[in-house]
Structure formats: C-alpha cells, structure tokens
Amino acid sequence: MSALPIKFYFAYTSPFTYLAMSPAYELEELYRVTLRFVPYGVNIRQVYGGEVEARDERNRRKLRYLYLDARRLAAERGLIIRPPKKIFSARYAFYGGMCAGDQGLFRAYSDRVFERFWKRELEVEDPAAVAAILSEIGADTSKFHSYIADEPAEAKPRLKACFAEAEQDQVFGVPTFVIERERFWGYDRIDWVKRKLDELGLRRR
C-alpha cells in the first residue's frame with residue numbers, strides 16, 4: 001500500500017505548532033503516511049485584539065494563559081518557549097522553509113528555526129539570519145536570496161497559493177492536520193489523528 005499524504009498546516013511563530021512538530025514527524029515512523037508541510041499565517045492582530053500594547057485586559061489574560069499552557073507542555077518535553085514581545089511576520093522563515101524543503105532539508109531547517117525563535121535567539125524578520133540557517137544545514141541559498149530580492153515574482157505567489165489551499169481546506173488555525181479532507185486542529189488532537197490512521201489500517205507492522 002502506498003503512503004497516504006497528510007497535510008500539516010504550520011507556522012514558525014505558533015508555539016503549539018512547535019510542540020506538534022516531533023509528534024508529527026513520528027507519524028511517518030508509526031504509519032504509512034507522508035507529511036506535507038504547508039505554511040499558513042493566522043492574523044494574530046485580528047484574533048487577539050490588535051498590537052500587543054493595544055489589547056484589552058481580556059485578550060491579555062487569554063494570551064497569558066495560552067502561553068502558560070504552552071510553557072507547561074514544553075517543560076514536559078525539555079523545550080523552551082519564551083513568549084515574544086511583539087507580533088512577528090514569519091514570511092521570510094516560510095520562504096526559507098520552502099527552499100529547504102525543495103532540497104530535502106525541511107526538518108533540519110525547521111528544527112533550528114523553531115528552537116531558536118522560541119528561545120529568542122533568532123531574528124525571524126532578518127533575511128540574513130534566515131539565510132545563515134540555510135547555510136548551516138548545507139542548503140543552497142541562491143533561491144532564497146532571489147525570493148527576497150523580488151518577492152512578488154515567485155515568493156509571495158507561492159505563499160499565497162498555500163494560504164488559498166488552506167482556505168479550500170477550511171483551515172483557520174495552526175497546527176492543523178488534514179487527512180482525507182478531515183481536519184484536526186491543535187497540538188492536543190494528535191491522538192485523534194492516530195485513531196483516524198488506525199481506522200484506515202495504516203499502522204506499520
């Protein structure tokens with residue numbers, strides 16, 4: 001039986017995506033599946049009441065609690081999550097992920113981006129910092145530099161195509177798994193993902 005493709009919508013600036021990455025990778029070890037990582041950006045300003053300093057107290061409390069949960073879950077796994085002090089654009093990191101993925105280096109790249117961003121060790125909006133990670137993993141950076149030099153030519157259309165695909169799949173947040181058009185949103189839905197794959201008879205013997 002051929003491997004079943006699974007879409008995994010993700011964002012480097014999502015702490016719960018960071019927590020979901022290792023369990024997602026493990027799915028390919030446990031089941032006859034192939035993960036396809038699709039970048040997706042959530043409008044944080046719209047969801048949580050604008051810029052950090054403009055949020056009302058309710059949204060501040062909500063975000064503080066979400067990050068508390070994320071840090072609790074991270075501590076159980078030996079990971080570090082330090083809440084960001086502003087809203088970051090992840091598009092350069094997404095471009096880097098596309099370039100790394102095209103060269104079969106998505107995991108090596110993404111692991112470094114997630115870890116360093118959430119330790120506040122990576123300036124994710126600095127193309128030079130992203131290019132340095134690509135170089136570190138042995139990737140050719142020429143396509144990334146061409147993306148940055150002329151975003152409207154290829155980079156933005158490619159990213160917008162991913163967002164359009166997310167709209168077709170009715171995705172509204174990350175991380176989201178899509179298996180045969182069925183959505184599973186959130187780090188804590190991984191057990192349901194496994195049940196779905198077990199129902200499909202895809203567990204490796």
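This is a predicted model: local features need pLDDT of at least 70, side-chain atom pairs count only at pLDDT 80 or more; totals for chains, interfaces and linings use all residues.
1. Overall make-up. The secondary structure of the protein chain comes to nine helices and four strands. Read from the N terminus, the elements follow the order β-α-β-α-α-α-α-α-α-α-β-β-α. The radius of gyration is 17 Å, close to the 17 Å that the globule rule gives for 205 residues, so the chain is as compact as a globular protein of that length.

2. Extent and burial. Taken along the principal axes, the C-alpha atoms of the protein chain fill a box of roughly 50 × 45 × 35 Å. Of the 205 residues in the chain, 43% are buried.

3. The cis peptide bond. Most peptide bonds are trans. A cis bond joins Val174 and Pro175 here, with omega at about -5°. Pro175 lies in the loop that runs between helix 8 (155-168) and strand 3 (176-179).

4. The loop between strand 3 and strand 4. Most residues other than glycine have a negative phi. Glu180, found in the loop between strand 3 and strand 4 (182-185), has a positive phi near 50°. Arg181 is found in the loop between strand 3 and strand 4 as well, and its phi is also positive, near 75°.

5. A positive surface patch. Which residues form the positive surface patch? The patch is made up of Arg71, Arg82, Lys85 and Arg120. One of these, Arg71, is found in helix 3 (residues 57-77). The relative accessible area of Arg71 is 46%, which means that Arg71 is partly exposed.

6. Arg61. Helix 3 also holds Arg61. Arg61 counts as exposed because its relative accessibility is 54%, and the cut-off for that class is over 50%. Between Arg61 and Tyr187 there are two separations to note: the two residues are 126 residues apart in sequence, and 21 Å apart in space, C-alpha to C-alpha.

Terms used
Residues are numbered from 1 along each chain as its sequence is written. Side-chain values use heavy atoms; hydrogens and water are left out. Patches are made of residues with over 30% relative accessible area and no salt bridge: like charges are joined within 9 Å, nonpolar side chains (Val, Leu, Ile, Met, Phe, Trp, Tyr) within 5 Å. Accessible areas come from the Shrake-Rupley method with a 1.4 Å probe; for residues, only the protein chains shown count as cover. A salt bridge is a side-chain nitrogen of Lys or Arg within 4 Å of a carboxyl oxygen of Asp or Glu. Lys and Arg count as positive and Asp and Glu as negative; His and the chain ends are not counted. The place of a charge is taken as NZ of Lys, CZ of Arg, CG of Asp or CD of Glu. Helices (H or I, at least four residues) and strands (E, at least two) are DSSP runs, numbered from the N terminus. Buried means under 20% relative accessible area, exposed over 50%, partly exposed in between (1.4 Å probe, protein chains only). The radius of gyration is taken over C-alpha atoms; the globule rule is 2.2 Å times the number of residues to the power 0.38.
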